Amino acid sequence: MSSTWFLFVVVAVVVLVALLVTGLLIARRRRISLDAQREVEEKKPKGGSYAASGGIALAPGGTAEAEAPEHPVEDRPEVDGQPAVGDDAAVPRDSAQRTLRDVKLPEAPEEPAPATEEIDPATGRLERLRGRLSKSRSVLGTSLLGLLGAGDLDEDSWQDVEDTLLMADLGAATTNQIVERLRDELSRRAVRSSAEAREVLHEVLTAQLSTDSERAVRALPHIVDGKKQPAVVLVAGVNGTGKTTTTGKLARVLVAQDKSVVLGAADTFRAAAADQLQTWAERVGAEVVRGKEGADPAAVAFDAVKRGIDTGVDAVLVDTAGRLHTKTGLMDELGKVKRVVEKQAKVDEVLLVLDATTGQNGLMQARVFAEVIDVTGIVLTKLDGTAKGGIVFQVQKELGVPVKLVGLGEGPDDLAPFEPGAFVDALLG
Ligand SMILES: Nc1nc2c(ncn2[C@@H]2O[C@H](COP(=O)(O)OP(=O)(O)OP(=O)(O)O)[C@@H](O)[C@H]2O)c(=O)[nH]1
């Protein structure tokens, strides 16, 4: 019995030892696997799968819906708390916002409207400007009247009459015609007094200046397809003849008759020309259309006419550039201006501006222009500053185009209609 108990105790001890060893082994293995797991955990980057080299951790994307934070700004439902256009990034978007309506704009300082000027009525202008022709008068009028009023004229005296007319730039053909008519009339009427001589001279000179052509400047609107269409006037001429000044003066005449005007600064050759025209426009209260310096004159002319049509004005006056380097160049430029303008409106008037002080040179310019473009009227400027008023006779005859206007000074109202009788009156004093 004692040996049985001894055997039982030994087996129990062995089993206990075995259990103890197994338990220790299991405990050790568990401890190792937990450490390894921690290592793995520690190697895992924070912030999920994104590892930013700059060290900025971002939240993972994906489809899982993050709960939208409740927005405290109730008065901006339309943006749901997001920054809106015009928000100041420096101001927290939750701070109270002013609506656009609350923002008061500073009052724009009122631009003083350019003062428009008093414009002299155009009627009877030539009469009022009679004194301006004094230089022309001193040559033509005084000399001729002195010769013719002296009674019977010998051949030398007639030669003097001829020379006087030639010196006043009437040209050979016109001079011959005038001398012939004077001889006939003086002998036919048996003129004895200087008053009678003046009458004959007046008649003959006036007849020389008369023409069947219309002298009115076609600058009033007309109806096309039942719609009012502004008159389109091109002002051409060599630079320096007084184109821009004439365009401005003509605008004044129109505005004085309650007509609305658009001025086209198509003389892009000289920047100051556009400024000059703008000044004229401001003075009369007209609109000016201008391009950049060196812009295509035809494009500016087109825009001016378009503006005139769109705004329903009465007249569009286009100041063109008049470089006369070559006839081809001029032809290209002026011809193009006219062609381009006529894509939208007929050109009603082409006024050629000639400087009376240039005498025969002016006549040569007139010939070139007349070949390039259909000139419909002549403006003779600076008649106040020349003794050669006779160019009026010649230019009209040569071109077969009437002188419509004369410039008698630099003043804004120193533009007069050309009336042969009044002109000769002024010439003879
Ligand atoms: N005495 C006098 N001067 C005039 C007359 N018309 C124009 N002028 C002057 O002539 C000069 C030239 O005139 P503008 O109108 O600039 O001539 P333009 O042909 O337009 O010349 P650009 O501007 O160079 O194209 C200016 O000083 C004008 O004041 C006139 O009838 N009499």
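Predicted model: local features only at pLDDT ≥ 70, side-chain atom pairs only at ≥ 80, totals over all residues.
Eight strands make up an open sheet, with mixed pairing and the order E5-E4-E6-E3-E7-E8-E9-E10. Strand E5 (287–290) and strand E10 (415–417) stand at the edges; each has a single partner strand, so one side of each is left without a neighbour in the sheet. From one strand to the next, the twist averages 25°. Strands of a sheet pair through backbone hydrogen bonds, and the pairing may be parallel or antiparallel.

**Strand E3 and its partners**

Strand E3 (residues 231–236) pairs with strand E7 (residues 349–355) in the parallel sense. The pairing of E3 with E6 is also in the parallel sense. The table lists the two pairings.

| Strand pair | Sense | Bridges |
|---|---|---|
| E3 and E7 | parallel | 4 bridges |
| E3 and E6 | parallel | 5 bridges |

Leucine 234 has valine 350 of E7 as its bridge partner, and valine 235 stands opposite leucine 351 in E7. On the E6 side, alanine 231 stands opposite alanine 315.

Is E3 covered or uncovered? The strand is mostly covered, with 6 of its 6 residues buried. Ala231, Val233 and Val235 point one way from E3, whereas Val232, Leu234 and Ala236 point the other way.

**Helices across the sheet**

Helix H9 (residues 297–311) lies across E3, strand E4 (261–266), E5 and strand E6 (315–320). Relative to E4, helix H9 runs at about 170°. Helix H11 (residues 360–372) lies across E3 and E7, and its angle to E7 is about 155°.

**Helix H12**

In helix H12 (residues 391–399), the buried residues are Ile391, Val392, Phe393, Gln394, Val395 and Gln396. Just after H12, glycine 400 takes a positive phi of about 70°.

**Around the ligand**

Which residues come nearest to the ligand? Of the 21 residues around the ligand, these are Gly242, Lys243, Thr244, Thr245 and Gly407. Helix H7 (243–256) and helix H8 (271–284) are the elements that give two or more residues to this shell. The largest share, 3 residues, comes from H7.

Conventions: Residues numbered from 1 in each chain as written. Near = placed C-beta within 6 Å. Buried ≥ 20, exposed ≤ 12 C-beta atoms within 10 Å, placed from the backbone. Pairing = 2+ DSSP bridges. Axes fitted to C-alpha atoms, helices over the stretch in contact; angles between N-to-C directions. Contact = placed C-beta atoms within 7 Å.
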